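Please keep the structure open while you read.

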Amino acid sequence: MKKQIPPEILDAKVVAKSRLFQIEALDLKFSNGEERTYERMKPSGRNAVMVVPVTENGDLLLVREYAAGTERYELGFPKGLIDPGETALEAANRELKEEIGFGAHQLFPLKEVVLAPSYFSSKMTLLLAQGLYPEKLEGDEPEPLELVRWPVAQAEELLSHVDFGEARSITALLLALRELSGR
């Protein structure tokens with residue numbers, strides 16, 4: 001395979017800004033001389049975690065929460081940003097406690113993913129959580145999240161459930177099922 005040379009960044013400037021996001025225009029020069037302007041979300045430097053919690057009884061623990069992008073309640077796994085100074089494992093355990101009221105004795109990293117690499121640089125670490133124990137921390141959600149228990153044995157039905165459509169949650173579930181079946 002031929003080693004590709006990344007394009008040279010000729011200029012980078014913020015072209016739009018909101019309370020949460022900044023859009024950056026990158027003027028690029030490719031190794032063949034072509035020049036193009038690409039837009040992306042300006043890197044925030046913060047990554048995130050998503051956790052697939054599995055109880056001793058073989059239930060997946062999911063949350064149903066409002067998603068402004070789809071303007072409806074979505075079913076997915078606990079997730080959140082990694083705070084400065086935190087590791088992915090620490091953030092995963094904190095998010096579990098905040099969103100579902102459980103901590104985990106065992107956390108297994110499954111994969112680090114990027115949502116849309118053409119537009120985002122932030123990474124999300126997907127983890128499997130087992131050895132759950134009750135512990136609640138105050139979270140930052142605007143309303144209480146609904147906890148949904150779903151039997152691992154019925155994971156195929158979850159994959160076709162209308163409210164379970166987030167690509168990261170689907171990826172996390174499939175990787176967790178692979179990990180669980182390999183044990």
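The points below go from the whole chain to single contacts.

1. **Basis.** This is a predicted model, in which local features need pLDDT of at least 70, side-chain atom pairs count only at pLDDT 80 or more, and totals for chains, interfaces and linings use all residues. Residues are numbered from 1 along each chain as its sequence is written, and side-chain values use heavy atoms, with hydrogens and water left out.

2. **Overall layout.** The protein chain holds 3 helices and 10 strands. Helices (H or I, at least four residues) and strands (E, at least two) are DSSP runs, numbered from the N terminus. Along the sequence the order is β-β-β-β-β-β-β-α-β-β-β-α-α. The C-alpha trace spans about 60 × 40 × 35 Å along its principal axes.

3. Of the 183 residues in the protein chain, 37% are buried. Buried means under 20% relative accessible area, exposed over 50%, and partly exposed in between (1.4 Å probe, protein chains only). The chain exposes about 11400 Å², and carbon and sulfur atoms supply 52% of that area. Accessible areas come from the Shrake-Rupley method with a 1.4 Å probe; for residues, only the protein chains shown count as cover. Among contacts with a separation of 6 or more, 57% join residues 24 or more positions apart. Contact means heavy atoms within 4.5 Å.

4. **Strand β9.** Why call β9 largely enclosed by the rest of the structure? Because 10 of its 12 residues are buried. β9 pairs with β4 (residues 48-53) in the parallel sense, over 6 bridges. Two strands pair if DSSP finds at least two bridges between them. V52 stands opposite L128 in β9. β8 and β9 run antiparallel and are joined by 11 bridges. V114 has K123 in β9 as its bridge partner.

5. **A nonpolar patch.** V114 also belongs to a nonpolar surface patch of about 370 Å², together with L115, Y119 and F120. Patches are made of residues with over 30% relative accessible area and no salt bridge; like charges are joined within 9 Å, nonpolar side chains (Val, Leu, Ile, Met, Phe, Trp, Tyr) within 5 Å. L115 sits in the loop between β8 (102-114) and β9 (123-134). L115 counts as exposed, at 52% relative accessibility.

6. **Helix α1.** This helix covers residues 88-99. Its 12 residues reach 16 Å from first C-alpha to last, close to the 16 Å expected at 1.5 Å a residue. The expected span is 1.5 Å times one less than the number of residues. α1 is mostly covered, with 9 of its 12 residues buried. Just after the helix, G101 takes a positive phi of about 75°.

7. **Salt bridges around R94.** The count comes to 16 salt bridges. A salt bridge is a side-chain nitrogen of Lys or Arg within 4 Å of a carboxyl oxygen of Asp or Glu. R94 pairs with D83, with the closest N and O atoms 3.5 Å apart. That pair links distant parts of the chain: R94 is in α1, D83 is in the loop between β7 and α1, and they are 11 residues apart. R94 is buried at 14% relative accessibility, while D83 is partly exposed at 31%. E98 also forms a salt bridge with R94, at 3.3 Å between the closest N and O atoms. E98 and R94 are 4 residues apart in α1, so about one helical turn separates them. E98 is buried, with a relative accessible area of 12%. R46, D83, E86, R94, E95 and E98 are linked in a network of salt bridges.

8. α3 (residues 167-181) has 15 residues. Its reach is 21 Å, close to the 21 Å expected. Which residues of α3 are buried? They are S169, A172, L173, L175 and A176. These pack against β4, β5, β6 (72-76), β8, β9 and α2 (155-159). R168 forms a salt bridge with E166, with the closest N and O atoms 2.4 Å apart. R168 is partly exposed at 23% relative accessibility, and E166 is partly exposed at 22%.
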